[in-house]
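Please read the following report alongside the sequence and the model.

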Amino acid sequence: MVWPVRWYMMLAWYGYGMVRPVRGRGVVYGALVALLLQACAAVPEREVTALPDMPDAGPGKNAAVRVQRGLQDMEAGQYERAARYFSDALTYADLNVTERAVVLSNRGVAQQRLGLLDAAVADFSGALQLRSGRSGKGLPGKALLNRGITHFLRRDFALAVADLDAFVRQSATDSRSPYPVLWLYLARSQAGMDGRALLADGCRLAWRDEECNRRSGDWVRMAWPGPLFALHAEQIPPDDLLHKLPRAETGRQHQEQLCDAYFHLGAYHGLKGEQGMARHWWQMAVDTQMTHLSEHAAALAALQGGFFTGGSGFSAW
C-alpha cells in the first residue's frame, strides 16, 4: 500500500526523533523506529551512487514510494540505499516545500551515517534554508541539531557550538531536552570555551522548571541522563555512574544507556587528559554496536584522535 506523500511527511515529521524525548542524537524523520544521528568518521568520503530505475507509481505517488523505501532501509541500517531513495524522491514534483525539507533532512542523516559529513551538512543547510521563516513543530530545530552534531563529528567545534546553542535556546521555549545540552557542553569544551556556566544553568535548559525546583538542581536525583550531568559536574565519581543507570524496558534500551554512559565516561577522562582510561570507555561504547546513536559515532571518532585532549573539562571548576 502506498499512502499519499503528505501522510509519510506527517509520520516523518514526528518519528525517528527519539525513543526518549529529543535525544541529542541526529534525527531522521520517520515512523518506523528511533534511529538517531550516526557517523563513522573512519568511513572515507565518497559519492552515493545512483539508484536503479524504479517503475512509475502513478501521479502523485512516486515521491511517497521512494520515501517509504528510504525509511524502511534506514530501519534496516541500509543507509546508502536509503540515501539513494531519498535522492530519487527529491527529483519529483510531488513534494511541497516542507516535505522537501524533511526528505533533505532524512538524506542528511543517512549520509552522515555513511561518513559523508560534508554532504550531510549541505543537506541540513538546505533543509534549514527551505524552512526559513516557516512556523511549525520541529521547524527548523531538528535539522539544526543534526547539523550541529555533524559539525562536532567533523571537528568543526565553533560551528557545532553555534548550531547547538541555537537549538538549545530554541528548545528551552519549546520542548526541552537534556541531550543537546550535553552535546553543547562537549562542543564548547572542544572549542576552548568554558562550559561550566552552561552545566550550572543546564537544568532549566533541559528539564521543566517544576522538576528543577523539586530536585534543587541535584543532577544525581534527576531522571536519566541527569547522572551524566552529575558526572561532568563532579557530583558523582566516575565509578558510580554505571550504578545510576535506570531500569531498561528492553535489552536494546539497556545497550543504548550503556553506550551513553561509556561515551561520557570516555569524555570525562579525556577532558582530564587521562587518555588511556578515555580510550577504554570509548571502545566499550563502540562495542555496544548501537550504531544508530551519535555517542557511538563520536566514540569512534574519538578513538581516532582529535577529541577530548584535556584541559577544558568541568572538573576545573
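Serine 125 is partly exposed, because its relative accessible area is 26%, where buried means under 20% relative accessible area, exposed over 50% and partly exposed in between, computed with a 1.4 Å probe on protein chains only. The model is predicted, so that local features need pLDDT of at least 70 and side-chain atom pairs count only at pLDDT 80 or more, while totals for chains, interfaces and linings use all residues. Residues are numbered from 1 along each chain as its sequence is written, and side-chain values use heavy atoms, with hydrogens and water left out.

Serine 125 lies in helix H5 (residues 117–131), helices being DSSP runs of H or I with at least four residues, numbered from the N terminus. Its side chain makes a polar contact of 3.0 Å with the side chain of arginine 147; such a contact is a pair of N or O atoms within 3.5 Å, of which, within protein, one must be able to donate a hydrogen and the other to accept it, and residues adjacent in sequence count only if both atoms are side-chain atoms. The C-alpha atoms of serine 125 and serine 105, which are 20 residues apart along the chain, are separated by 8.8 Å.

Helix H2 (residues 62–75) has 14 residues and should span 20 Å at 1.5 Å a residue, which agrees with the 20 Å between its end C-alpha atoms; the expected span is 1.5 Å times one less than the number of residues. Because 11 of the 14 residues of H2 are buried, this helix is largely enclosed by the rest of the structure. Among the buried residues of H2 are Val65, Val67, Leu71 and Met74, but also Arg66 and Asp73. Glycine 77, which follows H2, has a positive phi near 80 degrees.

Helix H3 (residues 79–89) and helix H4 (residues 97–113) pack at an angle of about 155 degrees with their axes 9 Å apart, the axes being lines fitted to C-alpha atoms over the stretch in contact and the angles running from 0 to 180 degrees between N-to-C directions. H3 and H4 are therefore roughly antiparallel to each other, a term for angles over 145 degrees.

The structure holds four aromatic pairs, a pair being rings of Phe, Tyr and Trp (its six-membered ring) whose centres lie within 6.5 Å, with planes under 30 degrees apart counted as stacked, over 60 as edge-to-face and the rest as tilted. Two of them are set out here.

| Pair | Centre to centre | Angle between planes | Type |
|---|---|---|---|
| Phenylalanine 152 and phenylalanine 157 | 5.3 Å | 70 degrees | edge-to-face |
| Phenylalanine 152 and tryptophan 183 | 5.2 Å | 80 degrees | edge-to-face |

Phenylalanine 152 is buried at a relative accessible area of 0%, and tryptophan 183 is buried at 2%. Phe152, Phe157, Trp183 and Phe263 form one aromatic cluster.

Most residues other than glycine have a negative phi, and most peptide bonds are trans. The peptide bond from tryptophan 224 to proline 225, however, is cis, with omega near 15 degrees. Arginine 155 has a positive phi near 65 degrees and is found in the loop between H6 and helix H7 (157–171). Glutamate 234 likewise has a positive phi, near 65 degrees, and is found in the loop between H12 and helix H13 (251–271).

Key: Helix = DSSP H or I, 4+ residues; strand = E, 2+ residues; numbered from the N terminus. Parallel < 35°, antiparallel > 145°, perpendicular 65-115°, else oblique.
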